[in-house]
Amino acid sequence: MLTINNLEVIYNEVILVLRGLSLVVPEGAIVALLGSNGAGKSTTLKAVSGLLPTEQGEVTDGSVSFDGRDITRVDAADRVRLGISLCMEGRHIFEHLTVHENLIAGAYIHGRAPQEDLDLVYEYFPLLSDLRARTAGFLSGGEQQMLAIGRALMAKPKLLMLDEPSLGLAPKLVQEIFGYIARLNAELGTTVLVVEQNATRALEVAHHGYVMEQGRLVLDGPAAELRDNPDVKEFYLGLG
Ligand code: ATP
């Protein structure tokens, strides 16, 4: 579904952050993208969603293809219409809007009545239904994360990308969020690319994992294999 081929990304015309990255996300899979701070994981998601220009970032070589179409130069809004949705680190919800209004904003790009999609999101996240009239800025961290995922779902993505969904959440909530990710994948067939510091959790739900360092791929394989890999255990799972 998603193919990144030999991608090179530069910020501010000088800082080379991706140095020939290639990876594949097959349709229907959950793929985890792992690596230490600054490896280039968020940059990879921004390159796929078309958000680099907003941060003075630029693809200088290589390509991104989605459903067989080269989207390297397609603008961000059109990528959402094609079915790519990014749930960003730090959540980026509209703090002054209610939960309900945030969700409706997520469907805006398609310009259609979102009732059916709303029902689905409220079914997946009953807590959001209970909180639908609450101003989003007053939600807890875990609730905001659910809202951010719910809002991304309102765009009916074929590919849902999540940047650090467990960041700052208590262990029980982390478990819950990854449970939702697995359910979305199994029941709706949503393909998922997830960036995580919490490699253990990510590799529990993922089918395949990629490990990157300094803008390049250093390791990849089936998630179960990566979980047992001594290097991954030592550097990313804290089990060394
Ligand atoms: P983290 O887990 O810490 O978010 P990451 O693997 O997601 O790390 P990126 O956020 O992609 O890494 O950052 C990769 C490198 O690019 C870092 O050295 C970072 O300082 C740099 N970088 C990121 N965004 C910008 C920007 N807008 N302008 C300049 N440099 C940037």
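Helices α3 and α4 sit oblique to each other, as oblique covers whatever is left once angles under 35 degrees (roughly parallel), over 145 (roughly antiparallel) and 65 to 115 (roughly perpendicular) are taken out. This is a predicted model, where local features need pLDDT of at least 70 and side-chain atom pairs count only at pLDDT 80 or more, while totals for chains, interfaces and linings use all residues. Residues are numbered from 1 along each chain as its sequence is written, and side-chain values use heavy atoms, leaving out hydrogens and water. Helices (H or I, at least four residues) and strands (E, at least two) are DSSP runs, numbered from the N terminus.

**Helix α3 with helix α4**

- Helix α3 (residues 99–107) and helix α4 (residues 115–124) pack at about 125 degrees, with their axes 10 Å apart; axes are lines fitted to C-alpha atoms, for helices over the stretch in contact, and angles run from 0 to 180 degrees between N-to-C directions.
- On the α3 side the contact uses His 100, Leu 103 and Ile 104, and on the α4 side Leu 118, Val 121 and Tyr 122, where contact means heavy atoms within 4.5 Å.
- Sorted by class, the contact of α3 with α4 has five nonpolar residues, one polar and no charged ones. Here Ala, Val, Leu, Ile, Met, Phe, Trp, Tyr, Cys and Pro count as nonpolar, Asp, Glu, Lys and Arg as charged, and the others, Gly among them, as polar.

**Helix α6 with helix α7**

- Helix α6 (residues 141–153) and helix α7 (residues 171–188) also have axes 10 Å apart, and they pack at about 15 degrees.
- That makes α6 and α7 roughly parallel to each other.
- Gly 142, Gln 145, Met 146, Ile 149 and Leu 153 in α6 meet Leu 173, Glu 176, Ile 177, Tyr 180 and Leu 184 in α7.
- The residues in the contact of α6 with α7 come out as seven nonpolar, two polar and one charged.

**Nonpolar cores**

- The largest nonpolar core has 44 residues, and Leu 103, Phe 125, Leu 128, Leu 147 and Leu 162 touch the most other members. Such a core is a set of buried Ala, Val, Leu, Ile, Met, Phe, Trp, Tyr and Cys residues joined through side-chain atoms within 4.5 Å; buried means under 20% relative accessible area, exposed over 50%, and partly exposed in between (1.4 Å probe, protein chains only).
- Not counting residues up to four places away in sequence, Leu 103 touches Leu 118, Val 121, Tyr 122, Leu 147, Gly 150, Arg 151 and Met 154.
- There's a second, separate core of 32 residues, with Ala 39, Ala 47, Leu 52 and Ile 84 among them.

**Buried helix α1 and Leu 34**

- Eight of the nine residues in helix α1 (residues 41–49) are buried, so α1 is largely enclosed by the rest of the structure.
- Leu 34 belongs to strand β3 (residues 30–34), and with 1% relative accessibility Leu 34 counts as buried.
- Leu 34 and Leu 219 lie 185 residues apart in sequence, yet they are 9.6 Å apart in space, C-alpha to C-alpha.

**Positive phi angles**

- Most residues other than glycine have a negative phi.
- Lys 156 isn't a glycine but has a positive phi of about 50 degrees; Lys 156 is in the loop between α6 and β7 (159–163) and is partly exposed, at 44% relative accessible area.
- Glu 164, also not a glycine, has a positive phi of about 50 degrees; Glu 164 is in the loop between β7 and α7 and is buried, at 6% relative accessible area.
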